[in-house]
Amino acid sequence: MELNRRSFCALPVSRRIVTAHWLIPAEPAHRFFQDLINDLARRYNAPVFEPHVTIYVGADSTDAVDTTLSKAARDCEPILLQSLEVGHSDEFIKTLFVEFGLNSKLRQLNQVIRNAAQNSSDYDLKPHLSLVYKRMSVQTRRQLARSIEVPFSQVVFDSLKAVRCISPTQSRADVEVWRVVSEKVLRG
């Protein structure tokens, strides 16, 4: 299913197309997380996706996305986030995840994007990097969370991507129609 206006019209009223703004980890963390995501996707028949921390989700504004990311990339330098723990939940988009500490640079980037996007959203910034999207038993999630060791106490994030997606994301099919519409390197 291509994510276009026709798809949008077919969505139930409670679901909509949005633009998610992602912060992307730099190497070597990017490779570590991508390999882990790929492995978990293979083992649990789950979708593959790029490692990211969602920093803002707002209305689908394809025309303004590139301008928004350009402004954020100019205003913000790469961000160092402290990795806290591997967590899990029964929420599809937070099945298994690495939680990161919220800091002033991340709050500032969130605000720059929020202001540049010029749309109001009640998005609550809780920085995490998902490792798998799959409905699983609490026992399986708990066991996986305990088995994963993140070899980084801190991770550098050095680029941004804007991704068109269905909200809320509830299934593999929803993940598989995500489309990157813009990307920028943080330069500060």
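Which backbone oxygen does the side chain of R15 reach? I found that of P168, at 3.0 Å; I took a polar contact as a pair of N or O atoms within 3.5 Å, where within protein one must be able to donate a hydrogen and the other to accept it, and residues adjacent in sequence count only if both atoms are side-chain atoms.

Notes on the source: the model is predicted, local features need pLDDT of at least 70, side-chain atom pairs count only at pLDDT 80 or more, and totals for chains, interfaces and linings use all residues. Residues are numbered from 1 along each chain as its sequence is written, and side-chain values use heavy atoms, with hydrogens and water left out.

I placed R15 in the loop between helix 1 (5-10) and strand 1 (16-25); helices (H or I, at least four residues) and strands (E, at least two) are DSSP runs, numbered from the N terminus. R15 counts as buried because its relative accessibility is 15%, the cut-off being under 20% relative accessible area (1.4 Å probe, protein chains only). Neighbours within four places in sequence aside, R15 is in contact (heavy atoms within 4.5 Å) with I166, S167, P168, Q170 and D174.

Next, the cores. I used sets of buried Ala, Val, Leu, Ile, Met, Phe, Trp, Tyr and Cys residues joined through side-chain atoms within 4.5 Å. The largest has 39 residues, and L131 is among those touching the most other members. A separate core of 13 residues includes V18 and W178.

Last, the cysteines. I found zero disulfides (pairs of cysteine sulfur atoms within 2.5 Å) in the structure. C76 is buried at 4% relative accessibility, and C165 is buried at 8%.

Technical notes
Buried means under 20% relative accessible area, exposed over 50%, partly exposed in between (1.4 Å probe, protein chains only).
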